[in-house]
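The following questions and answers go through one structure step by step. Please have the sequence and the coordinates open.

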Amino acid sequence: MLAITLEGNYFTDPKHLQELEDKNLIAFKYCNKDGLVNEGTNPNGSINNIAGILNSKKNILGMMPHPE
């Protein structure tokens, strides 16, 4: 499993991305005010607009954007 951030950009390999999706571990995605998720709503190039992920127990959140 490979998961890294580069300047706030989230990247991982296809196998891990599928695992995140299958286990519902993607907590947040970049979107517009209407909830539309697409390339235009991705401010930093994160794969699949991912802005936050959970660990397998869903008790730890890794979040790329700064909420402040």
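**Strands, helix and loops**

Q: In E5, which residue is the bridge partner of Gly52?
A: The model is a predicted one. Strand E4 covers residues 50-54, and E4 pairs with E5 in the antiparallel sense over three bridges. In E5, the residue bridged to Gly52 is Met63.

Q: What pattern does the protein chain follow along the sequence?
A: The protein chain holds one helix and five strands. Read in sequence order, the pattern is β-β-α-β-β-β.

Q: What is the area of the nonpolar surface patch made by Phe28, Leu61 and Met63?
A: Phe28 has its place in strand E3. A residue must have over 30% relative accessible area to join a patch, and Phe28 has 40%, which counts as partly exposed. Together with Leu61 and Met63, Phe28 makes a nonpolar patch of about 260 Å².

Q: Within what arc do the buried residues of H1 fall, seen down its axis?
A: Helix H1 spans residues 14-22, and its residues His16, Leu17 and Leu20 are buried. These buried residues line one face of the helix, because they fall, seen down the axis of H1, within an arc of 105°.

Q: Which exposed residues does H1 carry on the face turned away from its buried side?
A: The buried side of H1 includes Leu17. On the face of H1 turned away from the buried side, the exposed residues are Pro14, Lys15 and Asp22.

Q: What percentage of the residues of the protein chain count as buried?
A: Buried means under 20% relative accessible area. The protein chain has 68 residues, and the part of them that counts as buried is 28%.

Q: What is the phi of Asn24?
A: Asn24 lies in the loop between H1 and E3. At 53% relative accessibility Asn24 counts as exposed. Asn24 is not a glycine, and yet its phi is positive, at about 55°.

Q: How far apart in space are Val37 and Asn48, C-alpha to C-alpha?
A: Val37 lies in the loop between E3 and E4, and Asn48 lies in the loop between E3 and E4. Val37 is partly exposed at 36%, and Asn48 is partly exposed at 34%. Asn48 is a residue other than glycine with a positive phi near 55°. Eleven residues separate Val37 and Asn48 in sequence, and their C-alpha distance in space is 8.6 Å.

Q: How far apart in space are Lys57 and Leu25, C-alpha to C-alpha?
A: Lys57 has its place in the loop between E4 and E5. With a relative accessible area of 68%, Lys57 is exposed. Lys57 and Leu25 are 32 residues apart in sequence, and C-alpha to C-alpha they are apart in space by 9.2 Å.

How values were computed. Residues are numbered from 1 along each chain as its sequence is written. This is a predicted model: local features need pLDDT of at least 70, side-chain atom pairs count only at pLDDT 80 or more; totals for chains, interfaces and linings use all residues. Side-chain values use heavy atoms; hydrogens and water are left out. Two strands pair if DSSP finds at least two bridges between them. Helices (H or I, at least four residues) and strands (E, at least two) are DSSP runs, numbered from the N terminus. Patches are made of residues with over 30% relative accessible area and no salt bridge: like charges are joined within 9 Å, nonpolar side chains (Val, Leu, Ile, Met, Phe, Trp, Tyr) within 5 Å. Accessible areas come from the Shrake-Rupley method with a 1.4 Å probe; for residues, only the protein chains shown count as cover. A salt bridge is a side-chain nitrogen of Lys or Arg within 4 Å of a carboxyl oxygen of Asp or Glu. Buried means under 20% relative accessible area, exposed over 50%, partly exposed in between (1.4 Å probe, protein chains only). The arc is that of the directions from the helix axis to the C-beta atoms.
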